[in-house]
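The sequence and the structure come first.

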Amino acid sequence: MSGATHGILAAFEYPDSTVDAIESLRKAGFEEIRVSSPYVAHQIEAAMGWDGSPVRVCTLVGGLTGAAAGFALTARTSLWSARVGGRPELGVPASIVIAFELSVLFAALAAVIALLIAARLPRTRPNVVYDPSFSSDRFGVFVRVPPGRSDEACRILRERGPAELRESAEADHA
Amino acid sequence: MNEDILRILDTPGKGWWRLFPFAAAGAVLFLGSWAHQLVEGLGVSGLGGPVTWGVSMASFVFWVGIASSGVLISAVLFLFRTPWRQAVHRAAEVMTVCAMMTAGLFLLIHLGRVWRAYWLLPYPGSHLLWPNLRSPLLWDVFALSTYFVVSVLFFFLGMIPDLAAARDGTTGRRRELYRVISLGWRGTDRQWHHFGKAYLLLAGLATPLAVCVPSVVSWDFATTIVPGWHSTILAPYFVAGALYSGVAMVLTLVIPMRKAWGLEKYLTGKHLDALAKLCLLAGLVVTYAYAVQVFLAWYGADAVERASFWSRMFGSYWWASWTMITCTALAPQLLWFERVRRSIPALWAVSILVDIGMWLEYYVVIVTSLHHGYEPFMWHLYRPSFTEVGILVGSVCWFLFWFMLLTRLLPPVAISAVKEVLPPRMRHEREEVRP
C-alpha cells in the first residue's frame, strides 16, 4: 500500500518526439504514463486518449440550479407584494435578469469546483515526479514500469531522443 | 521566454519607484476624500435638486465599462481563437480586476450612507420587507456581484499555469507565495485536459456576462422617464462604450508597460495595431449611437426630449459635450491611418483622449439629462465640489496603485498561452537543418 512505485522519467525538448514516445509506450503495453507540459498541447492530449470531462456536466447542473434559484427568489419575494403601476407581481422580464445572473454565477462556481476535483488540485503532497523545466520549455514523460520491464521502457524512450532520462520513484497516490 | 517574463517580477526599476509614490498618494487622497464625505454626508458633494447622480455615478459607470471590457477582450477573443489575444489578455484581466474594485467602491461612494448598503441584499429581515427585485438597481447588485466573482475566477484560473511557472522560476520568499497560490499545478495531461474544458466553459459564461453587465447598468437609466435616458439604444450604447473605453485603457496601460519591461518581443507592433483597429471599430459604433440618439430626439418630435438634447449640445454643459465628441468620435478617426497606428506615442495619446472622452460621455449623459428635465422650475446647474473632484482624481490613482501592485506580483504576460500560439519547434525541423 505505502511505498514507492518505480518509473522512468524522460524530458523531451520537442512536442513531436514526446507524442512519438507516448504512442510507442502505449503500443508496447505501458499504460501508466503521465506527461507534464508547459502549455496545453492538443497532440499530447489526443495521444494520451483524453476525451470528455465531468466539468461540462457539472457546469450545466450548476447553471440550471442557478436559474431555478433566481426564479425562486423573485417568485418568493414578489408573490405577496403590492401591485405597482398595474404591473404584475411576478413579471418574467424582471425575473429573467436575476435568474440569468445567478445561473452564470452558479455555473462558473460549479465549473471551478469540478475542475479542482477532476484535476486533483490543490496538490498538497508532492507525489508527482516533476522537474521545474516542465513549466518552461521541456515536456516530461513519466512511465510507471512493472519490475523487469524498465530496460524495455528505457530503450523505447531513448530512441526518441530525450534531453534527459532517469529512473525515479514516486509515492503512491492516496 | 519564462526568464524574460519572470525577470519583471524581481525588484522593480526606477520608473516604477518614481510613479508608485504618486499612485499611493492619490489613493490616500481618494480614501481621505471619501472619508470626508462619509463623515459630513452627501451634502459636501455638489449634488442637489434633480441632479441626484453626478461625478461619482459617472465614475461608477465608467469603471464598470472598463471592467466588462477586460473580459470581452479576454473571453470573446479566446472563443474566436484570435492569436493576438494571448499576449494582451493578462494585462486586460488585471485591468478588469482593478477596475471592478474601483467600480465596487464607487457603488458604495455614490450611496452616501454606506452602512446601510446591506439593505440592497435580499435577506429575510424582521421588517419583512424584501428589496424590489423588479428594479434595475437590484439587478445591478446581482449582475455586479456575479461579474466580480466570475471575472476573478476566470482571471485566477487562467493564471494558475503561469503561477506554477513563477514558482519554478523564482527563489526566496516570493516562491512560497507562488507555491501556495499555484495549487500544486504540475502541468500533467490530466490537469491540462480538465483545465482546457473548464477554461473554455468559463470563457463562454463570461462572454454573455460582459455584455449583460453594462446593459444592466444602462437600464438604471433607460427604465426611467428622464428625457435623454429613456431610450432602448442605451443598452447597446453602453456595451459598445464599455468595449471602447476598455480597449483604450488597455492601450494606455500596455504601451508604457511594454516599454518599461522590454516586452516588445511579446507585445509586438502587430498586437498594438490589432488593438487600435478594435478601438476604432468600437469608436465607430459609439459615434453611430450618438447620431442615432440625436436623430431619434428630432424624429420623435417630443418637445422635452428635443429640448434635453439641445441643452446637451448648446446649454450649460456644451463644453463637456463637445470635448466628449472630439475625444471619442473625432480623435480615433486618426486610427484609420496606418502611420498613426504604428506610431507608439500617437497611439498612446489617442487612447488617453478616448479614456477622457468616455468618462465625459457618462458625465454628459447623466448630468445634462438630470439638470434639464420635465419641470423648468427644477432645472438645476450641477457643479462638482472639491470633495467629489478629490474622489475622482484619487480613484484614477487608486486604480493605478492596484494595477502597479498586481503587475509586480503576477506575470503580466500569459506565458503558457503565448507558448500555445507560437509555432512549436519540432524535432524533424531541427534535423533538416543539421547537415
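## Helix pair in chain B

In this predicted model, the crossing of α4(B) and α14(B) is right-handed. Helix α4 of chain B spans residues 85-111 and helix α14 of chain B spans residues 386-409, and the two pack at an angle of about 145 degrees with their axes 9 Å apart.

On the side of α4(B), the contact is made by A91(B), V94(B), M95(B), V97(B), C98(B), A99(B), M101(B), T102(B), L105(B), F106(B) and I109(B). These residues meet I391(B), S395(B), W398(B), F399(B), W402(B), F403(B), L406(B) and T407(B) of α14(B). By class, the residues of this contact comprise 16 nonpolar and three polar, with no charged residue among them.

## Interface of chain B with chain A

Between the chains, 50 residues of chain B are in contact with 62 residues of chain A. The area buried between chain B and chain A is about 5,200 Å², and carbon and sulfur atoms give 67% of that area. Across this interface the rule finds twelve residue pairs in polar contact, counting pairs with both residues at pLDDT 80 or more, whereas the number of salt bridges found is zero.

## The chain B side

The elements of chain B that give two or more residues to the side touching chain A are α1 (2-7), α5 (136-169), α7 (189-222), α15 (415-421) and α16 (427-433). Of these, α7(B) provides the largest share, with 17 residues. The chain B side as a whole divides into 27 nonpolar, ten polar and 13 charged residues.

Technical notes:
Residues are numbered from 1 along each chain as its sequence is written. Chains are lettered from A and ligands numbered from 1 in the order in which they are written. This is a predicted model: local features need pLDDT of at least 70, side-chain atom pairs count only at pLDDT 80 or more; totals for chains, interfaces and linings use all residues. Side-chain values use heavy atoms; hydrogens and water are left out. Axes are lines fitted to C-alpha atoms, for helices over the stretch in contact, and angles run from 0 to 180 degrees between N-to-C directions. Helices (H or I, at least four residues) and strands (E, at least two) are DSSP runs, numbered from the N terminus. A crossing is left-handed if the near helix is turned anticlockwise from the far one by less than a right angle, and right-handed if clockwise. Contact means heavy atoms within 4.5 Å. Ala, Val, Leu, Ile, Met, Phe, Trp, Tyr, Cys and Pro count as nonpolar, Asp, Glu, Lys and Arg as charged, and the others, Gly among them, as polar. Buried area is the accessible area (1.4 Å probe) that two parts lose on being put together, summed over both. A salt bridge is a side-chain nitrogen of Lys or Arg within 4 Å of a carboxyl oxygen of Asp or Glu. A polar contact is a pair of N or O atoms within 3.5 Å; within protein, one must be able to donate a hydrogen and the other to accept it, and residues adjacent in sequence count only if both atoms are side-chain atoms.
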